[in-house]
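Thank you all for coming; I would like to take a few minutes to walk through one structure with you. Please have the sequence and the model open as I go.

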Amino acid sequence: MHPARVWQVLLGVMLAVSPVVAADSVGAVGGVAAIGPVAEQPARACPNGYVALTFDDGPDAVTTPALVDELRRHGSRATFFVIGAKAAAAPEVVVLVRSEGMAVGNHTYDHPFLDELSEQAVTDELTRTSAILDGIGGPAPTLFRPPYGRRNAVVERVVRRLGLTEVLWSYDSDDYEEASVEQMVRQAEKATDGEVLLFHDGYHSTVDAVPQILDVFDRRGLCAGQVLPSATPQQAWLDYDGDDKTYYPAVAGPW
Ligand SMILES: [Zn+2]
């Protein structure tokens with residue numbers, strides 16, 4: 001062991017048994033912490049904030065595990081808005097997603113136009129899906145995303161009554177419209193702190209794009225964050241004509 005290293009270790013032992021010295025030597029304590037095994041795995045730096053990657057319409061038995069693997073390899077997490085019927089058909093994939101620390105949200109039972117349904121039917125879509133997710137090891141989701149971003153006052157009322165946070169998106173990857181990996185990466189270059197990015201985990205091109213997008217985030221000092229409720233509504237990107245439907249009460253933040 002290098003002599004300086006020996007001294008550092010000895011100093012660490014002294015500080016550990018001498019709380020008075022430690023309290024008076026903040027700088028030295030910091031130096032000792034840096035030689036511990038945990039500190040040798042530095043936390044990812046996020047000086048420019050957080051962007052949430054969200055993946056809709058799964059789980060898929062093939063592409064969802066592949067995507068989770070890419071995220072895990074990078075030490076990042078994401079949020080999966082799953083369809084209740086698919087979750088019920090592939091519960092092991094939901095378990096896998098959660099086991100890697102990913103968040104799982106409610107994306108209805110069978111992906112209807114919610115703004116064309118009765119209040120009871122909207123309620124059924126959401127409660128049925130939450131019950132399925134609660135039943136697969138739980139917990140019941142707190143986040144909800146309306147398919148196609150289609151919503152109205154009825155949907156809003158049900159969402160509020162069920163205590164869910166509605167999450168739209170500030171950026172659409174267009175992966176379902178066969179956007180290329182290059183296009184998705186180029187678009188993600190523009191993402192800024194707090195934004196919520198929409199993807200779908202059923203496409204191989206999305207799985208291919210994600211590691212490159214995470215590298216872009218690294219270079220730009222951004223981290224893949226989680227979706228959190230926000231008191232300040234965020235403006236959404238919607239692909240259909242909306243009127244006052246273009247805000248949502250969520251934002252990307254640290255896990
Ligand atoms: Zn969807």
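Let me start with P211, whose place is in helix α10, and let me say at once that the model we are looking at is a predicted one.

For the overall picture, the protein has 255 residues, of which 38% are buried, and its secondary structure comes to ten helices and nine strands. Among contacts between residues at least 6 apart in sequence, 73% join residues that are at least 24 apart.

Turning to the strands, is β7 largely enclosed or largely open? Strand β7, residues 196-200, has four of its five residues buried, so it is largely enclosed by the rest of the structure. Strand β1, residues 50-56, pairs with β7 in the parallel sense over five bridges, and within that pairing T54 has L198 as its bridge partner. Strand β6, residues 171-172, also runs parallel to β7 and is joined to it by two bridges, with L197 as the bridge partner of Y171. Between β6 and β7 the chain crosses through helix α9, residues 181-188, and this β-α-β crossover is right-handed.

The largest nonpolar core holds 56 residues, and those that touch the most other members are V51, A52, F80, V167, V196 and L197. Helix α10, residues 204-220, contributes the largest share of this core, namely six residues. If we take A52 and set aside residues up to four places away in sequence, A52 touches T79, V196, L197, G225, Q226, V227 and A252.

Next, a pair of helices: the axes of α4, residues 63-74, and α6, residues 91-99, come within 10 Å and cross at roughly 10 degrees. The two helices are therefore roughly parallel to each other. The contact is made by T64, P65 and V68 on the α4 side, and by V93, L96 and V97 on the α6 side.

I will finish with some backbone details that deserve a careful look. A cis peptide bond joins G58 and P59, with omega about 0 degrees, and P59 has its place in the loop between β1 and α4. Another cis peptide bond joins G138 and P139, with omega about -5 degrees, and P139 is found in the loop between α7 and β4.

Which phi value does T108 have, given that it is not a glycine? The phi of T108 is positive, at about 75 degrees, and this residue lies in the loop between β3 and α7, where T108 counts as buried because it has 23 C-beta neighbours inside 10 Å. T108 and D124 are 16 residues apart in sequence and 8.8 Å apart in space, C-alpha to C-alpha; D124 itself lies in helix α7 and is partly exposed, with 15 other C-beta atoms within 10 Å.

D174, in the loop between β6 and α9, likewise has a positive phi, near 60 degrees, in a residue other than glycine. With 16 other C-beta atoms within 10 Å, D174 is partly exposed.

Note on methods: Residues numbered from 1 in each chain as written. Predicted model: local features only at pLDDT ≥ 70, side-chain atom pairs only at ≥ 80, totals over all residues. Buried ≥ 20, exposed ≤ 12 C-beta atoms within 10 Å, placed from the backbone. Pairing = 2+ DSSP bridges. Right-handed = clockwise from strand over helix to strand, strands pointing away. Core = buried A, V, L, I, M, F, W, Y, C linked by C-beta atoms within 7 Å. Contact = placed C-beta atoms within 7 Å. Axes fitted to C-alpha atoms, helices over the stretch in contact; angles between N-to-C directions. Parallel < 35°, antiparallel > 145°, perpendicular 65-115°, else oblique.
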